[in-house]
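I opened this model to look up its surface, its fold, its charged pairs and its pockets.

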Amino acid sequence: MKHFATLAFATLLACATAPALAQDNITTTAVHFTKGASSATVPGAVKGYDSARYTLSARAGQTMRVSITGSSNANFNVFAPGDVPGAATAIGSGAVGQDWNGTLPTNGTYTVQVYQMRASARRGQNAAYNISFGIH
């Protein structure tokens with residue numbers, strides 16, 4: 001009987017943690033400006049806990065501007081070169097109606113992550129958006 005109780009507990013524990021171990025869908029897109037341009041706009045969408053990552057190269061001292069329109073559930077974080085979303089602190093963040101502007105601290109490839117807040121993600125909502133990047 002003790003063996004059955006241990007097995008039942010282990011099974012219950014495995015079932016309870018299975019959703020937490022599921023991999024969220026992460027898409028990564030490199031952003032390139034057309035010749036002579038200093039900005040670009042990209043359409044996208046995230047659903048549930050999925051996220052989209054946009055990468056773009058810039059130099060220290062340049063100013064980056066990121067803005068997002070569309071679903072009010074779309075939010076973004078900006079990460080310095082070498083920093084990984086989920087493992088590092090963002091250097092900036094924003095949402096619909098809350099643009100981010102910042103002077104860039106170092107040369108390299110910056111990552112902008114688009115995601116939904118937990119309440120929207122938990123409900124599996126879809127957030128369609130247009131995200132704009134400018135570097136000056």
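**Surface.** Of the 136 residues in the protein chain, 35% are buried (under 20% relative accessible area; exposed is over 50%, partly exposed in between; 1.4 Å probe, protein chains only).

**Source notes.** I am working on a predicted model, where local features need pLDDT of at least 70 and side-chain atom pairs count only at pLDDT 80 or more, while totals for chains, interfaces and linings use all residues. Residues are numbered from 1 along each chain as its sequence is written, and side-chain values use heavy atoms, with hydrogens and water left out.

**Fold.** I found two helices and nine strands in the protein chain (DSSP runs numbered from the N terminus: helices are H or I with at least four residues, strands are E with at least two). Their order along the sequence is α-β-β-β-β-β-β-β-β-α-β. Of the contacts (heavy atoms within 4.5 Å) between residues at least 6 apart in sequence, 80% join residues at least 24 apart.

**Charged pairs.** I searched the whole structure and got one salt bridge (a side-chain nitrogen of Lys or Arg within 4 Å of a carboxyl oxygen of Asp or Glu). Asp99 and Arg65 form it, at 2.4 Å from N to O. Asp99 sits in the loop between β6 (92-95) and β7 (100-103), and Arg65 in strand β4 (residues 63-70), 34 residues apart. Both partners are partly exposed: Asp99 has a relative accessible area of 35% and Arg65 one of 38%.

**Gly102.** I then checked a glycine in strand β7. Gly102 is buried at 13% relative accessible area. Leaving aside neighbours within four places in sequence, Gly102 contacts Gln62, Thr63 and Met64. The C-alpha atoms of Gly102 and Gly92 are 7.6 Å apart.

**Pocket.** Which residues lie nearest the centre of the largest pocket? I noted Asp24, Tyr49, Tyr115, Gln116 and Ala121, out of 15 lining residues. At least two lining residues come from each of β3 (51-58), β8 (108-115) and α2 (118-122). A pocket here is an open set of points on a 1 Å grid over the protein atoms alone, where a 1.4 Å probe fits, with protein on both sides within 12 Å along at least five of seven lines; lining residues have an atom within 4 Å of a point.
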